[in-house]
Each structure stands twice: as C-alpha cells, then as structure tokens.
Amino acid sequence: MQIVRHSEQTLKTALISKNPVLVSQYEKLDAGEQCLMNEAFQPASDLFGPITLHSPDWITSHPEAPQVFEQFFSDPYRKTPSPDKRSIYIQAIGSLGNTRIISEEYIKWLMGYCKAYFYGLRVKLLEPVPVSATRCSFRVNENTQNLQIHAGELHNFKKPENAFCVVEITMIDLYPRDSWNFVSGQASDRWYSFFCFARYGSDFYSMRHEGKVKKLKKTSSSDYSIFDNCYIPEITSVLLLRSCKTLTHEIGHIFGLRHCQWLACLMQGSNHLEEADRRPLNLCPICLRKLQCAVGFRIALVRWIDDESSGTPGATPEHSREGNGNLPKPVEAFKEWKEWIIKCLAVLQK
C-alpha cells in the first residue's frame, strides 16, 4: 500500500489559489465554511485523509494532471446551472427492482440523495422506458454470461428544456463496444450521463449468480422479449450506497470536476469495485469548493439518511407485495458516513 501525501502549501494553493481575486472570494466565505475547508491541510485532520493506493489503482494506471480550484474556476467550458436550467433529470431504463414498489422506492431514494447532495437544484424523474424503447443492440457477455445492452447507443432521448443534465440508470449490464467486456457508466462534460448498477449486487461475480443466460434466443434484432424477465439484483443497503456514489461522482463530472488526486474523495477514479468501495462518499475540500462555486454550499445529507429510514433494518425484501408502499430505506451501510457528516456540522457550527 502506498500513501499519497501533499505538502500543506500544495494543498493550500490547490484549494485557495494564489490569485488575489480567488483568495478574496475564499475569505468571504463564512467562518464555519472556511474552518471546514481548511481541514484539507491539517495533518492531524480526522475528516480528510490522504489517498491510499493499492496497485493497480486508477491514479497509477490512468495518469492525469490534477485539477486545482483555479483551473476549475477559469475553465471556459465548465457547465454551471442557470436560473432556467436547474433541474437534474433521472430516467430508468427497464425495471430497477423485483417489483414495481421496490423499483419506485429505489429511484425515490436516489432522487432524494441527489437532491440533498446537489442542494439547491431540482431533481425530477422522467418517465421510465423499457429496454425496447432504446433500440440498442444487445448480447450475452461471453465471460459472465449475463445480458448486456450497447451503451454507445443509449443516447436517444430528447433533453427537457429546463434540464441542467439528464442521467439514465439501469440494472442491465452495459458494454460500450464489441471489444470491451463491460462499462459501468459514462458522463459527458455537457449534459448527459448513463450508468448501470448491475454489478453492485453481492452475487454478481458468484458462480450462483441468477442472471446468467446460457444462450441468447431472439428472432430478430428488434426482439427484446428476453428482457421481460431479466434478473435484477436485490436492493440491499450496500447496493444503495454504491449507487449513490456512482450517481454523484458522474454528475460531478458534468459540473466539470475532474478525477481528484489531492485527498481521499468521491471524485477519485476507480479501476474496479474494490477501489470504488474504498472511495468515500464525501468530496475533499478542494472538490467541495468547486461544487460550492457551481451550486452553493449546504449539508443536507443527514436528513436524507434519517428520513423514512425507520423500520426493520436490512435489505429490501426480494419478494414484496405490490400493495406495500413506503418501504424502509436500507441505510445501515451509511452509518459511518453519517457520523462523518455530524463531525463536519460540528466544525461548521463552532
């Protein structure tokens, strides 16, 4: 394991800048916000730690120039919400749960999380569409024997007039081109992103995975009937946690945040699920200032964790009755992060 540590001065410059205008802007933040962000260059901080590398990790295999706040602020192509374009739209492709109720509750949890993370923006739901509406090519992955749809053909839907961005999500595995094994998702720096959560289920890589398809049977390229009873993983607390990470990471890219190389941060890249699991849910102060610059600054996530999470803890039942609404939100995997947010609130309120 390798630890990536930057000097106090390097982190301070990355966060505050040496540009007098940006320094003045930083000094106008309220004392609590400055105190929280200054934790970036406190060696003994228990809120923001260094990046740990477990080879092969993203940073070593995908060299990128790190992005300081000044670069983000000065980027002429950076996308910022405007008064008439302040809505994040989420659209489901295919079912997201084993029943209609589970599917609806799951996407409601994702919408609530997104609304709390990007506080001040509206989050809306587009009408879900069946796989057949995408007209995408599809195949059975020869390695994992699961169904996949062609991600490169997904972008077929019209952008709403007031949309800041559109996010398409699915529980069906994706591949970007024939030579690739799979892709978890992709975000443009303009307004569109897509990703799937199929591999976030606990049994995806197991020999007992129920989503394996022995042989692809279709009468034509437009025959999507095989997706009618497509396997969908159980919505557990861990799957919800991973989904929230991916959702906010990819939308961060649409805002213009590049992969983070400063501190442990949501915006770190990841080569594999193990590395993605090590990545925290929170932004480091440098990326947090970038997001604050784009949408404002408020921590509303404790409320999301607490809201509607009462009830029996554990995974959402795999076979719920269609009539049961308001399923308990499975947030036990978020416990450690909630404690982190409460520490941040204490710093803000000092």
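1. Setting aside neighbours within four places in sequence, Trp 304 is in contact with Trp 109, Gly 112, Tyr 113, Ala 116, Leu 240, Cys 244, Lys 329, Val 331 and Phe 334. Keep in mind that this is a predicted model.

2. Now zoom out to the core around that residue. The largest nonpolar core has 78 residues, and Trp 304 is among those that touch the most other members, along with Tyr 106, Phe 255, Leu 283 and Phe 334. Helix α6, covering residues 100–117, gives the most to this core, with 11 residues. The core also draws on two domains: at least three residues come from each of domain 1 (1–77 + 280–306 + 329–349) and domain 2 (87–255). As background, nonpolar side chains in soluble globular proteins tend to be buried together.

3. There is another core, lying apart from the largest one. This other core has 24 residues, and Tyr 89, Ile 149, Val 183 and Phe 227 are among them.

4. The protein chain has 12 helices and 10 strands. Of its 350 residues, 51% count as buried. Take the contacts between residues at least 6 apart in sequence: 75% of them join residues at least 24 apart.

5. Next, have a look at the second largest pocket, with a volume of about 620 Å³. It is lined by 32 residues, and the closest to its centre are Arg 278, Arg 279, Pro 280, Asn 282 and Glu 336. Two or more lining residues come from each of β2 (51–53), α4 (58–61), α8 (237–255), α9 (273–278) and α12 (335–348). Of these, α12 gives the most, with five residues. Sorted by class, the pocket lining has 16 nonpolar, seven polar and nine charged residues.

6. What about enclosed space? The structure holds two cavities of 30 Å³ or more. The second largest cavity contains about 40 Å³ of space, and its lining is made up of Tyr 200, Arg 242, Lys 245, Thr 246, Leu 273, Ala 276, Asp 277 and Arg 279. Helices α8 and α9 each supply at least two of the residues in that lining. By class, the cavity lining has three nonpolar, one polar and four charged residues.

Notes:
Residues numbered from 1 in each chain as written. Predicted model: local features only at pLDDT ≥ 70, side-chain atom pairs only at ≥ 80, totals over all residues. Heavy atoms only, no water. 1 Å grid on protein atoms, 1.4 Å probe; cavity = no way out; pocket = protein on both sides within 12 Å on 5 of 7 lines; lining within 4 Å. Points joined across faces, edges and corners; volume = space filled by probe spheres on them. Helix = DSSP H or I, 4+ residues; strand = E, 2+ residues; numbered from the N terminus. Nonpolar A, V, L, I, M, F, W, Y, C, P; charged D, E, K, R; others polar. Core = buried A, V, L, I, M, F, W, Y, C linked by side-chain atoms within 4.5 Å. Buried < 20%, exposed > 50% of the residue type's maximum accessible area, 1.4 Å probe, protein only. Domains from an automatic or database assignment. Contact = heavy atoms within 4.5 Å.
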